[in-house]
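This report describes one protein chain in plain terms. It starts with the fold as a whole and then turns to single residues.

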Amino acid sequence: MVLFQPAYGLQVAVAVHVGHKLGANDFKTAQRMTVVAYWVGGCVALCNFTIMMAGYKIIPAIYDPYDAEVRAQVSSLLRPWIAILGVGDVLQAIPTGVFRGSGRQKLG
């Protein structure tokens with residue numbers, strides 16, 4: 001849930017800005033904002049991935065400091081799978097924001 005919050009905020013911002021620019025018939029700026037959103041989303045995805053890969057032993061200890069077996073199991077899941085899913089969340093949030101901003105809610 002925590003990994004999706006920056007992506008969701010970026011999704012809403014992209015939807016609002018693209019919608020405003022398309023409403024003002026400023027298509028070039030809307031296109032530029034979409035490209036910038038993809039770059040910012042890539043940076044957010046990279047940060048999410050780095051946090052999950054670097055903190056794969058620290059994060060489970062925050063939630064359960066007493067049970068080493070649970071921490072070991074969660075650590076084995078965090079490292080490859082949750083880190084990759086965090087990247088996927090960001091990569092699906094950006095196009096959804098662009099589709100919503102362009103008025104194509106049925107696509108996104």
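Helices (H or I, at least four residues) and strands (E, at least two) are DSSP runs, numbered from the N terminus.

The model is predicted: local features need pLDDT of at least 70, side-chain atom pairs count only at pLDDT 80 or more, and totals for chains, interfaces and linings use all residues. Residues are numbered from 1 along each chain as its sequence is written, and side-chain values use heavy atoms, with hydrogens and water left out.

## Overall form

Taken along the principal axes, the C-alpha atoms of the chain fill a box of roughly 60 × 25 × 20 Å. The radius of gyration is 17 Å, whereas a compact globule of 108 residues would have one near 13 Å. That radius is taken over C-alpha atoms, and the globule rule is 2.2 Å times the number of residues to the power 0.38.

Of the 108 residues in the chain, 28% are buried. Here buried means under 20% relative accessible area, exposed means over 50%, and partly exposed lies in between (1.4 Å probe, protein chains only). The chain exposes about 7200 Å², and carbon and sulfur atoms supply 68% of this area. Accessible areas come from the Shrake-Rupley method with a 1.4 Å probe; for residues, only the protein chains shown count as cover.

Contact means heavy atoms within 4.5 Å. Among the contacts in the chain with a separation of 6 or more, 64% join residues 24 or more positions apart.

There are 9 positive and 5 negative side chains, and the centres of the two sets lie 18 Å apart. Lys and Arg count as positive and Asp and Glu as negative, while His and the chain ends are not counted. The place of a charge is taken as NZ of Lys, CZ of Arg, CG of Asp or CD of Glu.

## Nonpolar cores

A nonpolar core is a set of buried Ala, Val, Leu, Ile, Met, Phe, Trp, Tyr and Cys residues joined through side-chain atoms within 4.5 Å. The largest one in the chain has six residues: Leu10, Val14, Val18, Ala37, Ile94 and Val98. Helices α1 and α4 (68-101) each supply at least two residues of this core, and its largest share, three residues, comes from α1. A second, separate core has five residues, including Ala7, Val44, Ala45 and Ala93. In soluble globular proteins, nonpolar side chains tend to be buried together.

Val18, from the largest core, touches Ala30, Thr34, Val98, Gly101 and Ser102, not counting residues up to four places away in sequence. Thr29 is 11 residues from Val18 along the chain, and their C-alpha atoms are separated by 8.3 Å. Thr29 lies in helix α2.

Val90 is found in helix α4. Leaving aside neighbours within four places in sequence, Val90 is in contact with Ala7, Gly41, Val44, Ala45 and Asn48. Val90 and Leu10 are 80 residues apart in sequence, and 8.7 Å apart in space, C-alpha to C-alpha.

Gln11 lies in helix α1 (residues 4-23).

| Residue | Relative accessible area | Class |
|---|---|---|
| Val90 | 1% | buried |
| Gln11 | 5% | buried |
| Asn48 | 6% | buried |
| Thr29 | 17% | buried |
| Arg32 | 52% | exposed |
| Asn25 | 56% | exposed |

Asn25 is found in the loop between α1 and α2. It has a positive phi of about 60° although it is not a glycine. Most residues other than glycine have a negative phi.

Arg32 lies in helix α2. Arg32 and Ile59 are 27 residues apart in sequence and 37 Å apart in space, C-alpha to C-alpha.
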